[in-house]
Amino acid sequence: MGTAVDAVAKEANGSVTEKKPTVVFVLGGPGSGKGTQCANIVQHFGYTHLSAGDLLRAEIKSGSENGTMIQNMIKEGKIVPSEVTIKLLQKAMQESGNDKFLIDGFPRNEENRAAFEAVLFQYMLSLRVIDVCAEIKSFLQTKIEPEFVLFFDCPEEEMEQRILSRNQGREDDNVETIRKRFKVFLESSLPVIEYYDAKGKVRKIDAAKPVEEVFEAVKTIFTPKEKVKCHRCAIL
C-alpha cells in the first residue's frame, strides 16, 4: 500500500496516479489452512502475506501494555478491538514496499470490515493530503475495498484435529479455547463473508482436501484469466 499511497500523495495537486493496491482478505476458521496456502500464494504470485494473528502475537511478545491487553483477550477467545489490529496491519502494509496484500484472518467481524475499508482515507488525511478535490477524496475512500475474499471452508472436526496435532506451543491451542474460537468465527466472521458474497466477491475453497489439492484450486483463482485463455489457445 505504501507505494500506492505515496503515488497519490505526490500528485495530490495534479493528476491522480491510480496505482490501486490489490487487497485480498483471507478468511476461514482456525485450522482451515490459511497460513499454509498464503505461503504458497506469496511464493507463486508475489503477494505480501500479513497475518493479523501473527502481528498480534508479535505485539504480545514485545511486552507492551497493548500486548498484555491483547494476550488477555486472546485467552478469553475474544476479538481484539478493531483499532488495535488495524494499526498493526497499516504499519506492516506501509513498510512492505509492495502493492499486493493477503490480509489473513481479518476482518473478523462487521466492525473490523467497516473500519478497515476506511483506513486508507484516514492515512491520507494524516499525510495532510486534505486540500485535494472531492474526486480524489472519493477515489481514496473507495479504493481499499478488497479485490475478493478467499474463504477456506472446512468442517470444525477437521480443523480441531489439525490444531491439536500441530503442537506449535501456542497458548490458545487447547480444546476449550479452540471451541471458543470456532464459536466466535461462526457468530462474527460469517456475516462478513455473507456481506462480500452478496457483492460477488467471495471465492470459496474446499479446505478439507489435502494441501496440494487445495492449492491447485487456489491457483485457478489467482492465475490471470488472460493466461488461462492463452494456454488453452496454445493447446488448440
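I am working with a predicted model, where local features need pLDDT of at least 70, side-chain atom pairs count only at pLDDT 80 or more, and totals for chains, interfaces and linings use all residues. Residues are numbered from 1 along each chain as its sequence is written, and side-chain values use heavy atoms, with hydrogens and water left out.

**Binding site, first list**

I started with the UniProt record. Its unreviewed entry gives "binding site" for G31, S32, G33, K34, G35, T36, R166 and K209. I keep in mind that UniProt positions follow the numbering used here, that feature names are shortened, and that annotations may be inferred rather than shown by experiment.

I looked up G31 and found it in the loop between β1 (22–28) and α2 (34–45). My helices (H or I, at least four residues) and strands (E, at least two) are DSSP runs, numbered from the N terminus. Is G31 buried or exposed? G31 counts as buried because its relative accessibility is 14%; the cut-offs are under 20% relative accessible area for buried, over 50% for exposed, and partly exposed in between (1.4 Å probe, protein chains only). Not counting residues up to four places away in sequence, G31 touches M159, R162 and I163, where contact means heavy atoms within 4.5 Å.

G35 sits in helix α2 and is partly exposed at 35% relative accessibility. With neighbours within four places in sequence set aside, I see G35 in contact with H49 and D104.

G105 lies in the loop between β3 and α6 and is buried, with a relative accessible area of 19%. Which residues does G105 touch, not counting residues up to four places away in sequence? They are V26, L27, K34 and A52. I also noted that G105 and G53 are 52 residues apart in sequence, yet their C-alpha atoms are 6.8 Å apart in space.

P107 is in the loop between β3 and α6.

R108 is placed in the loop between β3 (100–104) and α6 (110–117). At 29% relative accessibility, R108 is partly exposed. The contacts I got for R108, leaving out residues up to four places away in sequence, are I79, V184, S188, S189 and V192.

**Helix α5**

I ran a length check on α5 (residues 82–96). At 1.5 Å a residue, its 15 residues should span 21 Å, and the end C-alpha atoms are 21 Å apart, which agrees; the expected span is 1.5 Å times one less than the number of residues. The buried residues in α5 are S82, V84, T85, I86, L88, L89, Q90, A92 and M93. G97 follows α5 and has a positive phi, near 75 degrees.

**Cysteines**

How many disulfides does the structure hold? I count 0, using a pair of cysteine sulfur atoms within 2.5 Å as the test. C38 is buried, with a relative accessible area of 1%, and C154 is buried at 9%.

**Salt bridges**

I get 8 salt bridges, taking a side-chain nitrogen of Lys or Arg within 4 Å of a carboxyl oxygen of Asp or Glu.

R57 pairs with D54, the closest N and O atoms being 2.9 Å apart. The two are 3 residues apart in helix α3, so about one helical turn separates them. R57 is partly exposed at 24%, and D54 is partly exposed at 44%.

E110 forms a salt bridge with R113, with the closest N and O atoms 3.2 Å apart. E110 and R113 are 3 residues apart in helix α6, so they too are separated by about one helical turn. E110 is partly exposed at 32%, whereas R113 is buried at 10%.

K204 forms a salt bridge with D153, the closest N and O atoms being 3.4 Å apart. K204 lies in strand β5 (residues 202–206) and D153 in strand β4 (residues 148–153), so the pair ties together parts that are 51 residues apart in sequence. K204 is exposed at 57%, and D153 is partly exposed at 29%.
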